[in-house]
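The sequence and the structure are shown first.

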Amino acid sequence: MKKILLASTSTVYGGTYLSYLKEAMTVFFVNVDEVLFVPYARPSGITHEAYTEVAQSGFEVIGKRIVGLHTFADPAKAIRTAQAIFTGGGNTFLLVKQLYDLGLMDVLREVVLSGTPYMGTSAGSNIAGRTMQTTNDMPIVYPSSFKTLGVVPFNINPHYLDPDPTSKHKGETRETRIKEFLVLNDTPVVGLREGSWLLVEGERISLEGELTARLFEKRKEPYESKEIKF
């Protein structure tokens, strides 16, 4: 049975890394001692080693040990034997390219569908969808495919921002960009706001946190909901 936690962000305003998810993570990783960390998204270009230290700081408060995927000579074997997996945020293009270059996208999909607990934040959540085409990131590298894990039946737009009517910026909004995506694609999109996360247990998907999500479907007006049903 799938067991997945997908958060919009790692850090909410005024908090520390993953602190707002402490209670959810305590329950989610209750039977896990060690979590395999995928550091490939490298936020701000930090090294894999530095990013793993950041991840450890967030997991040590719930008594879990982090080990970086980059430290294994056989990363596919590490994924297949992991108790649980966490993929952090950063640049989705870089993350997806690394997973494809190392032959890990299919392996990761296989273990998540088989029930290995998987948690993602930001880019790590983005790759749980059908494709990475609703990311907010710059294309700093060119992955061999935009297809991602597809362990949920929609795409995610992490860090979803509502249009600000007082802003002097009159360019494209997140809603505009997602509507452009839906002109050419049929995949629904969940606009996931900061402080929100999705909890997947088998085929049941619940939206956690205080806020609704902004949902987008082809040939429909965007709408607000606490239920994720497509």
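Lys179 and Glu175 both belong to helix α7, where they are four residues apart, or about one turn of the helix; helices (H or I, at least four residues) and strands (E, at least two) are DSSP runs, numbered from the N terminus. Their side chains meet in a salt bridge with an N to O distance of 3.4 Å, a salt bridge being a side-chain nitrogen of Lys or Arg within 4 Å of a carboxyl oxygen of Asp or Glu. Lys179 is partly exposed, with a relative accessible area of 38%, whereas Glu175 is buried, at 15%; buried means under 20% relative accessible area, exposed over 50%, and partly exposed in between, with a 1.4 Å probe and protein chains only.

The model is a predicted one, in which local features need pLDDT of at least 70 and side-chain atom pairs count only at pLDDT 80 or more, while totals for chains, interfaces and linings use all residues. Residues are numbered from 1 along each chain as its sequence is written, and side-chain values use heavy atoms, with hydrogens and water left out.

By the rule given above, the count comes to 16 salt bridges. One of them joins the side chains of Lys220 and Glu217 (3.3 Å, N to O), and Glu217 is buried, with a relative accessible area of 17%. Another links Glu227 with Lys229, whose closest N and O atoms are 3.6 Å apart; here Glu227 is partly exposed at 49% and Lys229 is exposed at 62%. Through shared partners, salt bridges also join Asp162, Glu175, Lys179, Arg193, Arg214 and Glu224 into one network.

Helix α7 (residues 174–184) lies across β6, β7 and β10, and runs at about 30° to β10; contact means heavy atoms within 4.5 Å, and axes are lines fitted to C-alpha atoms, for helices over the stretch in contact, with angles running from 0 to 180 degrees between N-to-C directions. These strands belong to an open sheet of four strands, ordered β6-β7-β10-β11, with mixed pairing, where two strands pair if DSSP finds at least two bridges between them. The edge strands β6 and β11 (223–225) each pair on one side only, and neighbouring strands of this sheet are turned by 30° against each other on average, direction ignored.

Between β6 and β7 (residues 189–191) the pairing is parallel, over three bridges, and Ile156 stands opposite Val190 in β7.

## Nonpolar cores

The largest nonpolar core has 42 residues, and those with the most contacts inside it are Ile79, Ile85, Leu99, Leu108, Leu198 and Ile228; such a core is a set of buried Ala, Val, Leu, Ile, Met, Phe, Trp, Tyr and Cys residues joined through side-chain atoms within 4.5 Å. Several elements each supply at least two of its residues, including α3 (75–81), α4 (92–101) and β8 (197–201), and the largest share, five residues, comes from α5. Apart from this core lies another, of 23 residues, among them Ala7, Tyr17, Phe37 and Ile66.

## Thr148 in its loop

Thr148 is placed in the loop between α6 (123–126) and β6 (155–157), and counts as buried because its relative accessibility is 0%. Residues that Thr148 touches, beyond those up to four places away in sequence, include Val96, Met105, Arg109 and Ile127. A polar atom of the Thr148 side chain lies 3.5 Å from the backbone oxygen of Ile127.

Conventions
A polar contact is a pair of N or O atoms within 3.5 Å; within protein, one must be able to donate a hydrogen and the other to accept it, and residues adjacent in sequence count only if both atoms are side-chain atoms.
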